[in-house]
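Please look over the sequence and the model shown below before reading on.

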Amino acid sequence: MMMSHYEHLMTVEGMTWGLRAALRGAAERLVPILMTALVTGLGLLPIAIGADEAGREIEGPMAVVILGGLATSTLLNLLVLPTLALRFARFHVKES
């Protein structure tokens, strides 16, 4: 979604690719990314907290792993992806 938003900024809104566009794209995607991770995390938190209870031998540890993946993917999506996109991405504006 972040890369398609960057492409939207280049093709539809006419921005030139650079640090300013990368920061704007990341800032505009910040709220949807954080809301998705927060809502999913809040839903899994009760399962993860009760992971050591009887009958939760599978779903408890799985919830902990999913919470770790949510935290990791959120950080990667907000910090690492814009950095890599700034370094390696090339967007070509189609001439009409």
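Which hand does the crossing of helix 1 and helix 3 have? In this predicted model, the crossing of helix 1 and helix 3 is right-handed. Two packed helices are described by the angle between their axes and the distance between the axes. For helix 1 and helix 3, the axes come within 11 Å and cross at roughly 50°, which makes helix 1 oblique to helix 3. The residues that meet here are Met2, Met3 and Tyr6 from helix 1 and Asn77, Leu81, Pro82 and Ala85 from helix 3; by class, this contact has six nonpolar residues, one polar residue and no charged residues.

Helix 1, residues 2-11, also packs against helix 2, residues 19-49, at an angle of about 130° and with the axes 10 Å apart. Helix 1 and helix 2 are therefore oblique to each other, and helix 1 passes helix 2 in a right-handed crossing. On the side of helix 1, the contact is formed by Met2, His5, Tyr6, Leu9 and Met10, which meet Ala21, Ala22, Arg24, Gly25, Ala26, Glu28, Arg29 and Ile33 in helix 2. Sorted by class, the contact of helix 1 with helix 2 has eight nonpolar, two polar and three charged residues.

The remaining pairing to follow is that of helix 2 with helix 3. The axes of helix 2 and helix 3 come within 10 Å and cross at roughly 175°, so helix 2 is roughly antiparallel to helix 3, an angle over 145 degrees being counted in that way. The contact of helix 2 with helix 3 has 19 nonpolar, five polar and one charged residues by class.

In soluble globular proteins, nonpolar side chains tend to be buried together. In the present model, the largest nonpolar core has twelve residues, namely Met2, Tyr6, Leu9, Met10, Met15, Ala21, Ala22, Ala26, Ile33, Leu78, Ala85 and Ala89. Helix 1, helix 2 and helix 3 (59-88) each supply at least two residues of this core. One of the core residues is Met15, and, when residues up to four places away in sequence are not counted, Met15 touches Leu9, Met10, Arg20, Ala21 and Arg24.

Is Met2 buried or exposed? With a relative accessible area of 3%, Met2 is buried, because buried means under 20%. Leaving aside neighbours within four places in sequence, Met2 is in contact with Gly25, Ala26, Arg29, Ile33, Asn77, Leu81 and Pro82. The C-alpha atoms of Met2 and Leu78 are separated by 9.0 Å, although these residues are 76 residues apart along the chain.

Two residues of helix 3 complete the tour. Thr74 has its place in helix 3 and is buried, with a relative accessible area of 11%; not counting residues up to four places away in sequence, Thr74 touches Ile33, Leu34 and Ala37. Glu59 also has its place in helix 3, but Glu59 is partly exposed, with a relative accessible area of 35%. From C-alpha to C-alpha, Glu59 and Leu44 are 9.8 Å apart in space, and they are 15 residues apart in sequence.

Conventions: Residues are numbered from 1 along each chain as its sequence is written. This is a predicted model: local features need pLDDT of at least 70, side-chain atom pairs count only at pLDDT 80 or more; totals for chains, interfaces and linings use all residues. Side-chain values use heavy atoms; hydrogens and water are left out. Axes are lines fitted to C-alpha atoms, for helices over the stretch in contact, and angles run from 0 to 180 degrees between N-to-C directions. Helices (H or I, at least four residues) and strands (E, at least two) are DSSP runs, numbered from the N terminus. Angles under 35 degrees count as roughly parallel, over 145 as roughly antiparallel, 65 to 115 as roughly perpendicular and the rest as oblique. A crossing is left-handed if the near helix is turned anticlockwise from the far one by less than a right angle, and right-handed if clockwise. Contact means heavy atoms within 4.5 Å. Ala, Val, Leu, Ile, Met, Phe, Trp, Tyr, Cys and Pro count as nonpolar, Asp, Glu, Lys and Arg as charged, and the others, Gly among them, as polar. A nonpolar core is a set of buried Ala, Val, Leu, Ile, Met, Phe, Trp, Tyr and Cys residues joined through side-chain atoms within 4.5 Å. Buried means under 20% relative accessible area, exposed over 50%, partly exposed in between (1.4 Å probe, protein chains only).
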